[in-house]
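Hi,

Here is the structure I promised to pass on.

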Amino acid sequence: MVDSPYPPVQAYLNSHFIEEREGRPLRILSEYLEPDARFEKHNVEDTIVFLGSARLLPKDVAEAKLQEARKDNGDVRRAEIDLEMSRYYEDARCLARRLTEWSKNLEGHEKRFVMCTGGGPGIMEAGNRGASEAKGLNMGFNITLPFEQSQNPYITRQLSFEFRYFFMRKFWFMYLAKAIVTFPGGFGTMDEFFESLTLIQTGKVNKKLPMVLFGKDFWNEVMNLDAMVKYGTISPEDLDLFIFTDSVDEAYTYITTELEKHALTEMARSQATAP
């Protein structure tokens with residue numbers, strides 16, 4: 001008698017079945033239902049999403065690596081660039097802290113505008129760290145990858161998620177987001193930024209969603225959006241879907257002003273008309 005790969009247990013406990021092709025719909029559905037249940041349990045209404053590179057370092061770490069490179073005849077130029085880029089880690093940390101302090105002072109029992117990141121190191125860590133320093137709830141949507149991605153220690157434990165599917169992770173990013181801040185990053189950051197723009201541009205997202213592209217020098221060098229306007233692949237007004245800035249103060253003022261004008265006003269209106 002040949003042993004069956006499917007032991008006599010309930011189907012939902014059968015790991016062989018769940019991991020096979022036939023179990024894929026259940027895996028996908030789980031990544032919708034389980035996060036949704038946790039958001040409801042912790043009264044999380046919406047988020048401010050921080051996007052950016054997993055490779056950027058805190059300033060103190062970058063400074064130590066530069067000293068080590070100089071001492072050991074290492075790659076000094078690479079270490080100097082890492083130190084220069086560390087300003088974005090510190091800016092993300094500061095902005096997340098200030099936005100968390102602002103959101104904690106809002107009225108109501110709901111947890112409004114919770115800082116949310118991809119859960120990993122770099123800019124993601126900075127966003128969770130800043131929110132944690134302000135003693136606020138914060139979320140991390142980690143994704144299982146063969147390299148680079150591991151959960152940072154600053155995420156609120158009850159709101160730390162591990163996704164298998166990129167598209168389910170992206171769904172929750174966009175579904176809950178009321179603002180998005182994009183710091184310098186690589187392919188993943190650009191993918192999330194442009195997908196967000198596409199959903200807004202095509203009307204698939206019908207909420208007002210302020211977007212900030214943080215780091216003028218970096219973004220102006222790595223992409224030329226004006227060329228898209230020049231060649232007619234986007235409209236001039238598409239560039240109004242987000243703002244460029246290098247200033248934490250400007251990003252903070254823009255986001256809070258837009259949220260007070262739109263998201264909070266809409267919430268108050270819906271509460272006033274509720275039966």
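Two strands count as paired here if DSSP finds at least two bridges between them. Keep in mind that this is a predicted model. With that in hand, take strand S6 (residues 211-214) and S7: they run parallel and three bridges join them. Within that pair, Phe214 stands opposite Thr245 in S7.

Zooming out, the two strands belong to an open sheet of seven strands with parallel pairing, in the order S4-S3-S2-S1-S5-S6-S7. The edges are taken by strand S4 (160-163) and strand S7 (243-245); each has a single partner strand, so one side of each is left without a neighbour in the sheet. From one strand to the next, the twist averages 20°.

Now the helix side of things. H4 packs on the sheet, where it touches strand S1 (47-51), strand S2 (114-117), strand S5 (177-182) and S6. The direction of H4 makes about 175° with that of S1.

What else does H4 (residues 76-104) come up against? Its axis and that of helix H5 (residues 123-133) come within 7 Å and cross at roughly 35°, and the crossing is right-handed. On the H4 side the contact is made by Tyr88, Tyr89, Ala92, Arg93, Ala96, Arg97 and Thr100. H5 puts in Ile123, Glu125, Ala126, Gly127, Arg129, Gly130, Ala131 and Glu133. Sorted by type, the residues of this H4 and H5 contact come out as seven nonpolar, three polar and five charged.

Cheers

How values were computed: Residues numbered from 1 in each chain as written. Predicted model: local features only at pLDDT ≥ 70, side-chain atom pairs only at ≥ 80, totals over all residues. Heavy atoms only, no water. Axes fitted to C-alpha atoms, helices over the stretch in contact; angles between N-to-C directions. Helix = DSSP H or I, 4+ residues; strand = E, 2+ residues; numbered from the N terminus. Left-handed = near helix turned anticlockwise from the far one by under 90°. Contact = heavy atoms within 4.5 Å. Nonpolar A, V, L, I, M, F, W, Y, C, P; charged D, E, K, R; others polar.
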